[in-house]
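Subject: Structure handover

Hello,

Here is the structure I promised to pass on. Please open it first, then read my notes below.

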Amino acid sequence: MSRFAVLLAGSIDPTPALRRALAGRRVIAADGGMRHAAALEVRPELWVGDFDSSPPDLVDPDGVAAVPRERFPRDKDRTDGELAIEAARARGASDLLLVGALGGRSDHAFSHLVIALREAEAGLQIELFDGMERVLPLRPGTPIAVEAEPGTQFSLLKFSDLEGLTIEGARFPLEGVAVPFASILTQSNEATGPLRLSLRSGRALLLLQADPTRR
């Protein structure tokens, strides 16, 4: 099975939509991300990290102690999330869901966005979802289509200047435009139905707000 999920330590909302997204995936927990396992009703096959953010009283009715661990030193040049992603890749992951990547510490959330772009550019199909927000990398030359209810709020987060950006199915559509990195043109848009985005060059992530009526 090549579909994996990594549990990270950021906040989540254990909605039915998030549980559906996890269905059928092999799960790896990164340090404090193990605290989400019980709420999401999943059993990780591996727990990695330096364990500096795992509560000492973490209890799982299915037995956290039985989950195999890979412990790393606290002083290291990779985050616990990166270690978990590497473990998933080593097990054959080609499709990865990061859960708990967006809430919590801002520096961690930023690093997860950068990692998502990096992994997507390396060929991994990757998505971030915490039950509240969903993030998908937009790769140049690879359009993405997203089923979205009318009124769904979304933004395109830029990590460089963009060229040839097209957004269809939105209140504020764009067609083949150039968007400088410093512009906030792609902030706070609204879906009118299914979304389709494409990009000729640049680095960007699509961030969608989860519909609270469909969580």
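Helix α4 covers residues 106-121, which is 16 residues. At 1.5 Å a residue it should span 22 Å, and its end C-alpha atoms lie 23 Å apart, so the two values agree. Bear in mind throughout that this is a predicted model.

Which residues of α4 are buried? They are Ala-109, Ser-111, His-112, Leu-113, Ile-115, Ala-116, Leu-117, Glu-119 and Ala-120. The general rule for such a pattern is simple: an α-helix has 3.6 residues a turn, so residues three or four places apart point the same way.

What do the buried residues of α4 pack against? One partner is a helix, α3. The others are strands: β6 (125-129), β7 (133-138), β9 (153-158) and β13 (204-209). Just after α4 comes Gly-123, with a positive phi of about 105 degrees.

**α3 against α4**

The axes of α3 and α4 come within 12 Å and cross at roughly 25 degrees. Angles under 35 degrees count as roughly parallel, so α3 is roughly parallel to α4. On the α3 side, the contact is made by Glu-82, Ile-85 and Arg-89. On the α4 side, Ile-115, Arg-118 and Glu-119 make it. Two of these α4 residues, Ile-115 and Glu-119, are also among the buried ones. The crossing of α3 past α4 is right-handed.

Helix α3 spans residues 80-90, and Asp-80 belongs to it. Is Asp-80 buried or exposed? Its relative accessibility is 13%. Buried means under 20%, so Asp-80 counts as buried. Asp-80 and Gly-49 are 31 residues apart in sequence, but their C-alpha atoms are 4.8 Å apart in space.

**The strands**

Start with β10 (residues 162-170). It pairs with β11 (residues 174-179) in the antiparallel sense, over three bridges. Three residues sit between β10 and β11, and the two strands form a hairpin. Leu-162 has Val-179 of β11 as its bridge partner.

β10 also pairs with β12 (residues 189-198). These two run antiparallel and are joined by four bridges. Ala-170 stands opposite Ala-191 of β12.

β12 has another antiparallel partner in β9, with two bridges between them. Here Phe-154 stands opposite Asn-189 of β12. β9 in turn pairs with β13, again antiparallel, over five bridges. The bridge partner of Lys-158 in β13 is Ala-204. Recall that β9 and β13 are both among the elements that the buried residues of α4 pack against.

Ala-178 lies in strand β11. How exposed is Ala-178? It is partly exposed, with a relative accessible area of 49%. Leaving aside residues up to four places away in sequence, Ala-178 touches Leu-162 and Glu-163. Thr-166 is twelve residues from Ala-178 along the chain, and their C-alpha atoms are separated by 9.5 Å.

**Two backbone angles to check**

Most residues other than glycine have a negative phi, and most peptide bonds are trans. Two residues here go the other way on phi.

- Glu-41 is not a glycine, yet has a positive phi of about 60 degrees. It lies in the loop between α2 (37-40) and β3 (46-49). With 65% relative accessibility, Glu-41 counts as exposed.
- Ser-188 is not a glycine either, and its phi is positive at about 55 degrees. It is found in the loop between β11 and β12. Its relative accessible area is 46%, so Ser-188 is partly exposed.

**The whole chain**

How many helices and strands does the chain have? There are four helices and 13 strands. The chain has 215 residues, and 48% of them count as buried. Take the contacts between residues at least 6 apart in sequence: 62% of them join residues at least 24 apart.

Best regards

Conventions. Residues are numbered from 1 along each chain as its sequence is written. This is a predicted model: local features need pLDDT of at least 70, side-chain atom pairs count only at pLDDT 80 or more; totals for chains, interfaces and linings use all residues. Side-chain values use heavy atoms; hydrogens and water are left out. Buried means under 20% relative accessible area, exposed over 50%, partly exposed in between (1.4 Å probe, protein chains only). Two strands pair if DSSP finds at least two bridges between them. The expected span of a helix is 1.5 Å times one less than its number of residues. Contact means heavy atoms within 4.5 Å. Axes are lines fitted to C-alpha atoms, for helices over the stretch in contact, and angles run from 0 to 180 degrees between N-to-C directions. Angles under 35 degrees count as roughly parallel, over 145 as roughly antiparallel, 65 to 115 as roughly perpendicular and the rest as oblique. A crossing is left-handed if the near helix is turned anticlockwise from the far one by less than a right angle, and right-handed if clockwise.
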